[in-house]
Amino acid sequence: MSESTTASSNSDAPAGRVTRRALFGASLATAGAAAVGVAAGRATAPGPEPASSTEPFHGPRQAGIATPAQSHALFLSVDVARPDRATLRDLLTGWTATAAALTTGQPVPETPGTAPGFSAHTDFATDLDPARLTLTFGLGPSLFDDRFGLATQRPRHLHPLPEFPGDALNSAWSGGDVLVQICADDAQIVSHAFRALRARMPGLGRLRWTQHGFLTRPADGGTPRNMFGHKDGTANPRSGTAAFDRAVWIDSPDEPGWLHGGTYLVFRKIRMKTADWDQLPLAEQDAIIGRRRSDGAPLHGNREFDPVDLESRSPTGELAIPASAHVRLVHDIPMLRRSYNYDYGTLLANAAGATEEPHAHAPGTPEHTHGGHNQLDAGLLFAAYMNNPPAQFIAAQRALAAGDRLNPLIQHTGSAFFAIPPGIAQGRSIADILLS
């Protein structure tokens, strides 16, 4: 659970279902600082529910970052099929046109060379509302090697993330040349968007991995909860504030000009050992996190958004927030978390790239099993936006890896890192930002 900051999406406004309307073809769209998602504390409560069913695709910033978090997400990572700029440009140009159409509920452009009698239109989303669909594009470190002649354009911090203690990363869901984050309030819209992107990939890109996530905001518009039952995203900076801008958007003269107005995205797939967690007493769960599971308040506080006081002590003189609590270790390291839960069910041992650990049983409970040698693959798709990863994510992750009590209960199994370009004007392509 990360006490760093998360997307205003998780904290500014609910992501409830939106009213449907008849629009043809609607769609397309760390423990650790990547841990499981609590947060430091913020003085303001969530805002009102978004009224519009569409999110603008064009503009100075890409949508899907400061956008209030939608209910469903799919992260798509691909490698460019051939090592030349023309292939990269064609992939990004085709995807840009597709995204621009789908986010407004318009028919997707036909793929060049489509044979007579065939069409990109699947009717899978016909008559469905766009459901606040967003598509956010990112560029991985591997794009800036010798293949594309872009070494001089490499963002300052865009290098492979270091390996952290406890990582059990699986290459099956790590890395990639290009990422697309697809989010909407309708799972079918998200799926349709993925299919529309995939239709433009042959000869241009090779699918590397996908990850699907979900979140549900309470009826009162409060902070969503993660798979451990704790509120996730309490400390997110609010979009439109100076604190948000300082944590997220890039304006450093040390960065290449094409990235100004953009940001970085750290993605981590974090398996949460829910079977072990559920055997712990509630008081121990709260002590591990540093917040109450019931209402999200810091252990010394009364309400979720009460400021975290690391010096507060109990009547017996002990620290109210234990020295090894997750919240304490990453307090005041700002970043914009926009994470999603995932639950892929039961996998055979080692199928998720992780070993099966001995199960710790709560005192006084009979010995039991959770499917023999099977394990549950459920947890958090940690997605954090920031403008200085070494001072934000990497610093937080190292602090957590060194002493977080949450460590035995989570496992990082996927990892990827991307530079997120700024937004584009109508008629332009994401490719133009980097390749013009």
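The dialogue below takes up ring pairs, then charges over rings, then the nonpolar cores of this predicted model.

Q: How is a pair of aromatic rings described, and how many aromatic pairs does the structure hold?
A: A pair of aromatic rings is described by how far apart the centres are and by the angle between the planes. The structure holds 10 aromatic pairs. In one of them, the rings of F144 and W258 have centres 5.9 Å apart and planes at 10°, an angle under 30 degrees, so the pair is stacked. This pair links distant parts of the chain, with F144 in the loop between β2 and β3 and W258 in the loop between α4 and β5, 114 residues apart.

Q: At what angle are the planes of F164 and F393, and where does each residue lie?
A: Their planes are at 85° and their ring centres 5.8 Å apart, so the pair is edge-to-face. F164 belongs to the loop between β2 and β3, whereas F393 is in helix α8, 229 residues apart. F164 is buried, with a relative accessible area of 3%, and F393 counts as buried at 0%.

Q: Which charged residue sits over the ring of W173?
A: The charged end of K269 does, 3.6 Å from the ring centre, while R61 lies over the face of W249, at 4.3 Å from the ring centre.

Q: Which residues have the most contacts inside the largest nonpolar core?
A: They are L88, W95, V178, I182 and F393, in a core of 78 residues. Helix α2 gives the most to this core, with seven residues. A second, separate core of 24 residues includes I65, L179, C183 and A416.

Terms used. Residues numbered from 1 in each chain as written. Predicted model: local features only at pLDDT ≥ 70, side-chain atom pairs only at ≥ 80, totals over all residues. Heavy atoms only, no water. Core = buried A, V, L, I, M, F, W, Y, C linked by side-chain atoms within 4.5 Å. Buried < 20%, exposed > 50% of the residue type's maximum accessible area, 1.4 Å probe, protein only. Helix = DSSP H or I, 4+ residues; strand = E, 2+ residues; numbered from the N terminus. Phe/Tyr/Trp six-rings, centres within 6.5 Å; stacked < 30°, edge-to-face > 60°. Lys NZ or Arg CZ within 6 Å of the ring centre and 35° of its normal.
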